[in-house]
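Please look over the sequence and the structure shown below before reading on.

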Amino acid sequence: MSRPLVRPLPADPAAFNATRFGNPDLTLRELFAAQPAHTLDPVSQLLDFPLVGLRIVPVSSVDPDTPLYLPPGVTLGSAASTSPDAPTQDSPEPAMVDGDGAEEPAIGHEHPETLSEREAVLIAHRFEINQVAAYLESGLSVLVQCEKLLVEHLARVMAVRSGKKYRKVEIAAAEPSGPPDPMRGGNRRSLLIEALQQAVTEAIDGQIVVVPHLDLLAGGSDATLTSEARDLTDLLYERSGCIILGFTDPSLTVPDVLAKRFAVRVSMDILPRAITTPASGKTGVKIGTTLVTREEVALFAGFDADRLYQNVAGMNAVRLRNGIRFAYHKHRETPDTTFETLLDELRLFKASTSADAFAVPDTTFDDIGGYAEVKAELQAAIEIVNGSDRIPEDERAHLVPRGFIFYGPPGTGKTLFAKAVAAAMGGNILVVSGPEITDKYVGESERKVRDIFAQARNNAPAVVVFDEFDAIAAQRTGRDDGGSRAGNAIVAQLLTELDGFRPATPVLIIGTTNRIDLIDKALLRPSRFREIGIGLPRLEARRQIAASHAKRSTYDDLSPALLDRLAEATDGMNGDEIGNIFRQARRDELLGSGERPDAYTFGTLVGKILATRQELDIQTARRTVRPADDERLPRRNPGRPDDPAAPRGTTGGPGRR
C-alpha cells in the first residue's frame, strides 16, 4: 500500500528538512509544531502518523490562486511573514484554516489534567468526525444522526476538517431588509428555512452548506409532509449538486424522501469502547481513561475503566462529563469515596435526566421468596450482560439475551422479578403499561416504541418492562381493519428494535403477561424473548414469602412452626395474597386493638381470604352457567289480555296453556 502524500509549504525550508530528517520518529503533528508550514492538501487525518509512514514532498512556491491549508494547531510566526512565497495570516481562504478549536485534542494513555465538553466530544467521536470529513471532502452530502447536545461541537469541526469552504445556516443570514411579511410570519422556523434557501442558492461549487437542525425544519412522515418540508425537499433536490451536511436527532423523524437526498448517513448513538490513534496501536485508549480527569480518578478509589464503560456506553460525551462532574463535586469532600459511589451517582443522574420515568430499583432477589429455578436462570443471564470474566469477549455478543417474557397467574411477582433483574445489573428500570403505547394517530405507536428503546440505550444498563405485554404484542393478522394494522405495526417495530440490539449497551426488555398464548410467535423465538413461567408458589416458596413479608411487617419474631402452618394453609394463594395477610394484620394492630397478632389472628385472616376466593369462584361459575328459561323470562299468563308476553290472538282463562 502506498504511503499518504503530504505536500507542505514550509516557512523555513532548510530548518523544516533538518528537523524532518534528523527526527524520523516524530509524528506529522510534532513536525508542524516545530516547523510551521501550510499544505496543499488537508492533512487533519494524518497528523498522528509517524513521518516514516508518510511520503513528504515539500514545495518551495505555488501559484497565487492555489488554495492552501493550515494544519490544526499550527501558528505561523515571523519566519512565515518574511518569506516571499509563504501566505500571510490574511489568506483569502479563512474557512480552510483549521484553528479556533477545530484541531484534534491530544489523546494519551493517561488521564488528562483538564477536559472540556468540546474536547470530550472531539475525542469520543474522533472516528466519526474524520469519517464525515472524508465524505465531505469527496463531495458527498452527509446526514448525521446524533443528539442535539453534540451538534454545536460537531458541525463546524466536520466542515473545517474536510478542507472545503462552508456556510452554516443561521437566522442572522436571513434577517429581512424590509418590513415583515405577514404571509410568511416571523417565527424562527420560517427564518431558518429562508436562510437555508439563501445558502443553497448562493453556494458555489465545492462549498458545504451546514444545516444544524434539519429535523426541526422538516419533521413529519412521508404521508404527512408539512408545507415547509415539501418546499425544503424541492429546494434540496433542485440543487442536488450542492454538498449538504445535515444533523438530525434520533428522537425526531426526517421523511425518507428528504433523507434519501444524502449520499451517506452516519449514526452516533453510543460511545466507542476505546479510541484508536496511530500512536495507540490496535488496542486504543479506553474511554474510561481519556474522558475522566486525574482528579476525578483519584477521588473514587478502585476506579475501573472497563466497568465504567458498561455503565456509560449509551450516554453521549456531554452527558457523561456532566454526570462525572456532578458526582465529583458532590463527593469531593467525602472521605473514603469508592468507585461504587461513582456508579451509584451515575445511575441517579441518568434517571433524573431521562425524558421517561426511569427509576433506580430497590428490590433484590433476596426480597423474593422461593422460585430458585427462576432466580438461577435470570442470574445467569445477568452475568452474561454484565460481562463475566468466564465468557470470552468474542462469544459474549451471541450469548447476551435480548429479553424475557414472564408469564403466569396474577400476583406471582412478575414485576418484582423485573425490578430485581435491574438491581442486579446495576441499572435503572422503566415500567410501561402496554396500553400506553397504543395511539390513534398513524405512526405514533411505533414512534413511542422507538423512543422507549432509545431512552433505554441512553440509560444503559437498563431494564424496560412492558406490563400487559399481550396488549401490544398480540399475534398479527391479515385483516384490513385499522386496529389490526396498528397492532401489526407495533409488533414489527418491536422486532426491528430487538434485532438492532448492541452488546455494548446492556439493555434487557421484559414483558409480563397472563396470556402467553396471545403473544406473536415471532417474538417468542429464543433469540428474541425467552419465556419464563412464574406460577403459584410451592410449599417452601410460600414459607419463604411468608417469612419475607413477616419481616417487612415487623413480625420477624414469628415462630418457625407458625410460618410452617401458614405455608400449609395458603396452598393455592399467590405471593400478593400471602403478603396481604401480613398487611391486614399490621393495619388491624395499628388502627384497632393495638395487640400484636397471634396464631388465631393469622388463621382468621387466612380464612377470610379463602372465603372471599370461594365466593368469587361461585359468582364466576354462576355467570358462566346458562340460566333456565323460567329464570331468564318472567312467568307469562296468556289468559291476561294485557300481558305483554302473551302471543297475539290467544285467549284463555287462568291455568290454560
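A residue is called buried when its relative accessible area is under 20%. In this predicted model, 45% of the 657 residues of the protein chain count as buried by that cut-off. The chain has 26 helices and 16 strands, and among its contacts with a separation of 6 or more, 76% are accounted for by residues 24 or more positions apart. The protein chain exposes about 33500 Å², and carbon and sulfur atoms supply 51% of that area.

The second largest pocket holds about 550 Å³ of space, and 25 residues line it, with Gly411, Thr412, Gly413, Leu416 and Asp576 lying nearest its centre. Helix H18 (414-425), strand S15 (507-513), helix H22 (539-552) and helix H24 (575-591) are the elements that give two or more residues to this lining, and the largest share, 4 residues, comes from H22. The table sorts the lining of the second largest pocket by class.

| Class | Lining of the second largest pocket |
|---|---|
| Nonpolar | 5 residues |
| Polar | 12 residues |

Within H20, the buried residues are Ser445, Glu446, Val449, Asp451, Ile452, Phe453, Gln455, Ala456, Arg457 and Asn458. An α-helix has 3.6 residues a turn, so residues three or four places apart point the same way.

Terms used. Residues numbered from 1 in each chain as written. Predicted model: local features only at pLDDT ≥ 70, side-chain atom pairs only at ≥ 80, totals over all residues. Heavy atoms only, no water. 1 Å grid on protein atoms, 1.4 Å probe; cavity = no way out; pocket = protein on both sides within 12 Å on 5 of 7 lines; lining within 4 Å. Points joined across faces, edges and corners; volume = space filled by probe spheres on them. Nonpolar A, V, L, I, M, F, W, Y, C, P; charged D, E, K, R; others polar. Buried < 20%, exposed > 50% of the residue type's maximum accessible area, 1.4 Å probe, protein only. Contact = heavy atoms within 4.5 Å. Areas by Shrake-Rupley, 256 points an atom, 1.4 Å probe, with all protein chains shown as cover.
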